[in-house]
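Please open the structure in your viewer and keep the selection panel at hand. The stops below are meant to be taken in order.

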Amino acid sequence: MNVAEAVMTRRSIRAFKDTPVPLETLRRVMDTARWSPSGCNFQPWEATILTGAPLRALQDKMLVTPPQDPREYSWDDPEVIPQCLARLHGVGAAMYTAMGIGRDDSAARDNFMRSNFESFGAPALLLCYFDRRMGPPQWSDVGMWLQTIMLLLRGEGLDSCPQEALSLHAKLIKDHLGVSDETHIFFCGIAIGYRDADNPVNNFERERVSVDGNVRFDGF
Amino acid sequence: MTALMSVSEAVASRRSIRRFLPDPVERAVLERVLAKAQRAPSGGDTQPWNAVIVTGAELARISAAIIELTKTAPLGAGVEYPIYPAEMDGRYAAQRMAVGQVMFTAAGIARGDRAARFAQMRENWNSFGAPVQLFTYTPSYMGKPQWSDIGMWLQTVMLLLREEGLDSCAQEIWAMYGEAMKGLLGIPEGHIFFCGMAIGRRDPEAAINTFPVPRIPFEDVVRFEGF
């Protein structure tokens with residue numbers, strides 16, 4: 001698959017098939033993703049990829065545990081800003097409408113939110129964490145690496161869903177993985193598997209602002 | 001449009017280019033790349049990236065202003081965020097040193113030749129000869145997860161550029177003069193300047209573009225369980 005096709009066909013998948021993901025494929029993806037750039041070549045990223053019994057065990061724990069307080073990091077502050085709130089509501093409305101979940105059906109919405117902790121049925125889950133000392137530019141480096149992985153997965157016919165929601169259970173996840181809470185911050189999960197192509201939650205129209213909304217050209 | 005490129009080919013052939021050919025870059029190509037890059041993901045669909053893309057006389061004006069500023073403030077001025085963590089040890093310090101060493105060796109610069117190292121560093125302000133700069137900024141209220149989103153977008157841009165036969169060099173160094181950059185670019189109040197990205201065609205002969213870039217084995221940072 002070429003780059004543009006990978007970029008355009010990647011979307012956050014929220015219903016996966018149970019087809020297992022071969023280890024060899026993931027090893028190939030992770031090996032190539034090393035070439036993602038980072039300031040001063042820090043390569044600040046770290047991850048564990050779970051499948052099978054260790055994944056099920058983690059999911060079972062998350063489903064019965066209330067979200068941690070305080071949060072691992074603040075991931076919804078920008079939502080208080082009107083512009084971001086509008087974008088969040090836009091994608092939320094499109095998604096719930098596609099699933100046939102009404103605006104006021106909070107039980108159905110809560111239920112769907114919980115499926116985050118089962119990674120929407122994905123057979124593999126990448127859990128990303130890194131050294132707490134890393135600042136905003138290194139978070140950007142980690143983002144580059146994660147997007148590199150998601151695009152390489154498309155090249156292998158695989159799909160993904162990045163899940164910052166899993167940070168609600170950051171300490172639980174680190175404990176499960178044997179990662180030090182003192183030295184490492186947990187960032188996010190990436191659900192990995194094959195998309196259920198017919199499921200409406202994977203097919204609603206996604207909004208993006210036009211390029212002119214984010215980018216200006218000078219001197220051309 | 002040049003031949004299509006596989007994702008893995010784009011990832012593996014992207015490298016920070018530090019000597020560009022002077023060939024201009026068409027605006028239409030950049031618009032095509034940026035339109036596709038809007039599909040990069042972001043938490044809550046925030047799409048926190050913003051950029052000014054600059055070329056020609058406008059880029060020359062910005063470069064000249066920053067070079068002037070380096071004379072009075074060689075260690076930076078109006079820095080808005082720490083480009084690197086204050087103390088980095090272990091593998092981070094080692095990796096930083098490793099890439100510096102192999103790069104300066106390739107450029108034929110001896111370890112103790114501070115003047116030559118400084119001259120090579122100054123090439124940043126000329127965008128290493130690239131005809132185009134993409135300067136990125138974001139609202140100041142954005143948190144670390146949104147910086148990750150911006151990174152996803154930046155890498156999406158760099159990989160799409162590869163498919164167009166173009167190369168890039170992400171340059172956080174411009175943030176040494178963050179406040180001045182905002183003034184020069186007319187970036188509104190309430191925003192933080194993040195980085196530059198030199199865009200053009202690589203000089204394939206230059207040693208500084210061909211040295212083997214060190215990366216740690218993925219097994220050092222990625223574990224598999226349950227497979």
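What follows is a tour that goes from the contact between the chains to single residues.

This is a predicted model, in which local features need pLDDT of at least 70 and side-chain atom pairs count only at pLDDT 80 or more, while totals for chains, interfaces and linings use all residues. Residues are numbered from 1 along each chain as its sequence is written, and chains are lettered from A, with ligands numbered from 1, in the order in which they are written.

**Stop 1: the contact between the chains**

Select chain A and chain B together and display the residues in contact, where contact means that the C-beta atoms of two residues, placed from the backbone, lie within 7 Å. The contact takes 76 residues from chain A and 78 residues from chain B. On the side of chain A that touches chain B, at least two residues each come from several elements, including helix 2, strand 1, helix 3 and helix 4; helices (H or I, at least four residues) and strands (E, at least two) are DSSP runs, numbered from the N terminus. Which helix of chain A gives the most to this side? Helix 6 of chain A does, with 15 residues. If you colour this side of chain A by class, you will find 42 nonpolar, 20 polar and 14 charged residues, with Ala, Val, Leu, Ile, Met, Phe, Trp, Tyr, Cys and Pro counted as nonpolar, Asp, Glu, Lys and Arg as charged, and the others, Gly among them, as polar.

**Stop 2: the two copies of the label "helix 6"**

Two packed helices are described by the angle between their axes and the distance between the axes. Now select helix 6 of chain A and helix 6 (residues 144-163) of chain B, whose axes come within 6 Å and cross at roughly 50°; axes are lines fitted to C-alpha atoms, for helices over the stretch in contact, and angles run from 0 to 180 degrees between N-to-C directions. That angle makes helix 6 of chain A oblique to helix 6 of chain B, since angles under 35 degrees count as roughly parallel, over 145 as roughly antiparallel, 65 to 115 as roughly perpendicular and the rest as oblique. Among the residues that meet here are A:Trp139, A:Met144 and A:Leu151 from helix 6 of chain A, and B:Trp147, B:Met152 and B:Leu159 from helix 6 of chain B. By class, this contact has 11 nonpolar, 8 polar and 3 charged residues.

**Stop 3**

**Stop 4**

Next, select A:Cys40, which lies in the loop between helix 2 and strand 1 of chain A and has a positive phi of about 60° although it is not a glycine. A:Cys40 is buried, with 21 other C-beta atoms within 10 Å. A:Asn41, found in the loop between helix 2 and strand 1, likewise has a positive phi of about 60° without being a glycine, and it counts as buried with 22 C-beta neighbours inside 10 Å.

**Stop 4: a cis peptide bond**

Select A:Asp69 and A:Pro70, which are joined by a cis peptide bond with omega about 0°. A:Pro70 is found in the loop between helix 3 and helix 4 of chain A.

**Stop 6**

Is A:Gly157 buried or exposed? A:Gly157 is exposed, with 10 other C-beta atoms within 10 Å, and it lies in the loop between helix 6 and strand 3 of chain A. A:Ser160, in strand 3 of chain A, counts as buried with 28 C-beta neighbours inside 10 Å. Leaving aside its neighbours within four places in sequence, A:Ser160 is in contact with residues including A:Ile13, A:Met150 and A:Ile190.

Notes. A residue is buried if 20 or more other C-beta atoms lie within 10 Å of its own, exposed if 12 or fewer, and partly exposed in between; C-beta atoms are placed from the backbone.
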